[in-house]
Amino acid sequence: MGSIRFRSSNARPRNRAGAPKLQRRNAMRGLPPPWPDDDVPNPDWTLHRPKRISKKLKAPKAIPPALLAPTASPYVYISKPAVPDDMDTATLFREADNLPKFFASSQFEYLSPNLMQHDLPKFDHIGEVAFLGRSNVGKSSLINALMRRNLCKTSKSPGRTQLPYYYGLFPNKMEPDERMPGNALGYAVDLPGYGYAKGPDAKIEQWQMDTQDLLQSRHEKGTLKRLFVLIDSRHGCTHIDSAIMGWMDDAGVPYSIVLTKADQTSIPEVIKHVNEFCMRYASTSQLQEEGAVTQSPVVHVTSSKNRWGLNELLMSIETEFISMGRLA
């Protein structure tokens, strides 16, 4: 066998598995060197780094602070700045395994325009909650899941809801002919979606202006207790979502964030969006006076398909109806 030949001492071997590499590999494995050290002309060869490493690396993105406080339910989180020091958030929403008491003994009914006399309810003693979201956010599917009945028409084409639809909550023991708008325990309102609704541009703009006027007038009247703003978990908060929330802040309309379609994205992505809304609440509360923040610190996570977080959302709705004294 011929002797192994090397290039000059300042050059690297032609074979990638040269002397330094073999020596290091055998040393790590506890084996003798591939050849005697005396046969190696320059055992202290300098290994050169790949050229790619010398390129400037991008600075890592700053990790936002975790401002979400978990509850007993994996589908509800609270912004930490809103949590008192003596409160244990792990005890909240503990009863969410079961349907809330008042919804177990009652059901929603669609209130047709004829029953409503083609006008908004004029009953100041009946509270209402409304649902608003971008077109194709899954609003109709979520409302149907909450009501446990297919009362809302769902469609693959976004923007089908063009008028506000009212649904009344009535006790199961109430006779059908008695289920009139004035006897409802509360109203759930399905508002037209914003975004890319189908129709002429002028008409779409008019829908959205009417929706804003409706929300502001019902809030000033005292009947609108809370607006639930629906956000698609797959996309998070878009520019138009931010604009809608900014308008709610300016108008003083109380609202809560509800993430939909949580089953269609990853858990880390959902948690990221939840934390962003908790951070928004924290920053808004610092800028506004105490008690003037209209965004709720509570963030709901839901899935109509898998029925995630529905009982928790019903518990929040029940609280709003109770505040009117109708469910006491």
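Me: Which helix gives the most to the lining of the second largest cavity?
Reply: A cavity is a set of points, on a 1 Å grid over the protein atoms alone, where a 1.4 Å probe fits but cannot get out, and its lining residues have an atom within 4 Å of a point. Here H4 contributes most to the second largest cavity, with three residues. Helices (H or I, at least four residues) and strands (E, at least two) are DSSP runs numbered from the N terminus. Both S4 and helix H4 (201–221) supply at least two lining residues. This is a predicted model, where local features need pLDDT of at least 70 and side-chain atom pairs count only at pLDDT 80 or more, while totals for chains, interfaces and linings use all residues. Residues are numbered from 1 along each chain as its sequence is written, and side-chain values use heavy atoms, with hydrogens and water left out.

Me: By class, what does the lining of the second largest cavity have?
Reply: Ala, Val, Leu, Ile, Met, Phe, Trp, Tyr, Cys and Pro count as nonpolar, Asp, Glu, Lys and Arg as charged, and the others, Gly among them, as polar. This lining has seven nonpolar, no polar and two charged residues; Glu 128, Tyr 166 and Arg 218 are among them. About 40 Å³ of space lies inside, a volume being the space filled by probe spheres set on grid points joined across faces, edges and corners.

Me: How many cavities of 30 Å³ or more are there, and what lines the largest cavity?
Reply: There are two. The largest holds about 50 Å³, and its lining includes Phe 108, Phe 131, Ile 143 and Leu 314. H3 provides the largest share, three residues, and by class the lining has eight nonpolar residues, with no polar or charged ones.

Me: In what order do the nine strands of the open sheet stand?
Reply: Strands of a sheet pair through backbone hydrogen bonds, either parallel or antiparallel. Two strands count as paired if DSSP finds at least two bridges between them. Here the order is S1-S2-S9-S8-S7-S4-S6-S5-S3, with mixed pairing. Strands S1 (68–70) and S3 (106–111) are at the edges with a single partner strand each, so one side of each has no neighbour in the sheet. S4 (residues 128–133) and S6 (residues 186–190) run parallel, joined by four bridges; Glu 128 has Tyr 187 as its bridge partner in S6.

Me: Where is confidence lowest, and where highest?
Reply: pLDDT is the predictor's confidence in each residue, from 0 to 100. The chain mean is 82, and 72% of residues reach 70 or more. Helix H1 (residues 19–28) is lowest, at a mean of 63, and S8 is highest, at 98. Over residues 12–17, pLDDT stays under 50. Where pLDDT is low, the predicted coordinates should not be read in detail.

Notes: Contact means heavy atoms within 4.5 Å. On a 1 Å grid over the protein atoms alone, a cavity is a set of points where a 1.4 Å probe fits but cannot get out, and a pocket is an open set with protein on both sides within 12 Å along at least five of seven lines; lining residues have an atom within 4 Å of a point.
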